[in-house]
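The report below goes from ring contacts to the chain as a whole. Please keep the model in view while reading.

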Amino acid sequence: MSLKSIMRELKELKDGIGNMSKRGDQSKLWRSRTRSHVAPDEAPLESQLSEQSPWANLPPELLLDIIQRVEESETAWPARAVVVFCAAVCRSWREITKEIVKTPEQCGRLTFPISLKQPGPRESPIQCYIRRDRTSSTYLLFYGLVPSEGESDKLLLAARKVRRATCTDFVISLVADDFSRASNTYVGKLRSNFLGTKFTVYDSQPPCGSMIQSTARLSRRFHSKQVSPRLPACNYSIGTVTYELNVLRTRGPRRMHCILHSIPVSAIQEGGTAPTPSALPQSLDEQLSPLHSSKGKEQIVDTISPSIRATPVFSPGSREPLALKNKAPRWHEQLQCWCLNFKGRVTVASVKNFQLVAAVEPSHNVSPEEQEKVILQFGKIGKDIFTMDYRYPLSAFQAFAISLSCFDTKPACE
């Protein structure tokens, strides 16, 4: 059997499982309407249905060879969706696929949702672009150099801007039509202060190593067993973005500083590594696993309040966080403007354009080459179209959150 026929049958199998799941959901809804009380429904899971297929009984050696060939042949989206189909066939396929597919730092490719929270490659950056929709106040992050004609680019993340009385929130989700914190597609948010000069990045799951604890809300408390497993009830502060005030109203680009509490400065030192999560939490109990009480009592979960400023709490012995700063542009006499070398990725002059490099001290022992390396660059290429290129040690989620800070109004910084 050829590789193309295998992939075609995999896609048909995945579609068949999805159709069975939809029919099961519809029957559940009908039965729930005819009952006077809520009762659990005993329906076969997708994994149970797929385990009955002949694909689940393939020899491990043959299965390993098939998935390796698929992973090596389909390197770009949308064709790379076949790799995701392999992980969705059954449990044995999923475990082998997870072993074969490498992290973005190792292979430079994005495959599963967890890849969006893993560090990018060390050498060449991952190139993306952001599309802004002013009418709906949404921002869509796509995987690709520039927008394609067929609108077939892979959507990575989506954000919606929500204005409040004292701040502005950018709620970040895996999909473009659901920005609720009660959804399992919620991945985090970005919150500004009143002046739009300081932004805090929140993650829906604790960072690796549990360097940071969640922030607390004093007015509402509930037990973890009373919360829906799909509800990410905690936000973890993983970084801040600060813009310097322009008191004298002088002309020039914005000056910004980033502190990433979830990434130690040792990550960019020789031999250093950045925290790399291996899976997204499936339930609230998994999110709160590092926060067990010492007395063994039932956990109390506190949610964050919009009126309380959240500050990261470091555990004893935690390492110094990584700091980033915008690369200073040079003044071009002929063009009469500030210029940066974006290597062709930015074509429109804008105050939002920036490049971020590491802000280190001589005591950090970071090589000059690493100090000059652009970790994140963002710039305009057309009306409501912006490019975003990031590399190690940032993840796509962190880079997207930092870039979103440029879209908020900053009258005190310009």
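Which residues form one aromatic cluster? The cluster is made up of Tyr139, Phe170, Phe354, Phe378, Phe386 and Phe407.

## Basis of the model

This is a predicted model, in which local features need pLDDT of at least 70 and side-chain atom pairs count only at pLDDT 80 or more, while totals for chains, interfaces and linings use all residues. Residues are numbered from 1 along each chain as its sequence is written, and side-chain values use heavy atoms, with hydrogens and water left out.

## Aromatic pairs

The structure holds eight aromatic pairs, where rings of Phe, Tyr and Trp (its six-membered ring) pair if their centres lie within 6.5 Å, and planes under 30 degrees apart count as stacked, over 60 as edge-to-face and the rest as tilted. One of these, between Phe378 and Phe407, is edge-to-face, with 5.7 Å centre to centre and 90 degrees between the planes. Phe378 belongs to strand β15 (residues 376–382) and Phe407 to the segment after α9 (396–404), so this pair ties together parts that are 29 residues apart in sequence.

Phe378, at 0% relative accessibility, counts as buried, and Phe407 is also buried, with a relative accessible area of 6%; buried means under 20% relative accessible area, exposed over 50%, and partly exposed in between (1.4 Å probe, protein chains only).

## Charges over rings

The charged end of Lys117 sits over the ring of Phe397, 5.3 Å from its centre, and Arg122 lies over the face of Tyr392, 3.8 Å from the ring centre; the criterion is NZ of Lys or CZ of Arg within 6 Å of the ring centre and within 35 degrees of the ring normal.

## Chain totals

Of the 414 residues of the chain, 45% count as buried.

How values were computed. Helix = DSSP H or I, 4+ residues; strand = E, 2+ residues; numbered from the N terminus.
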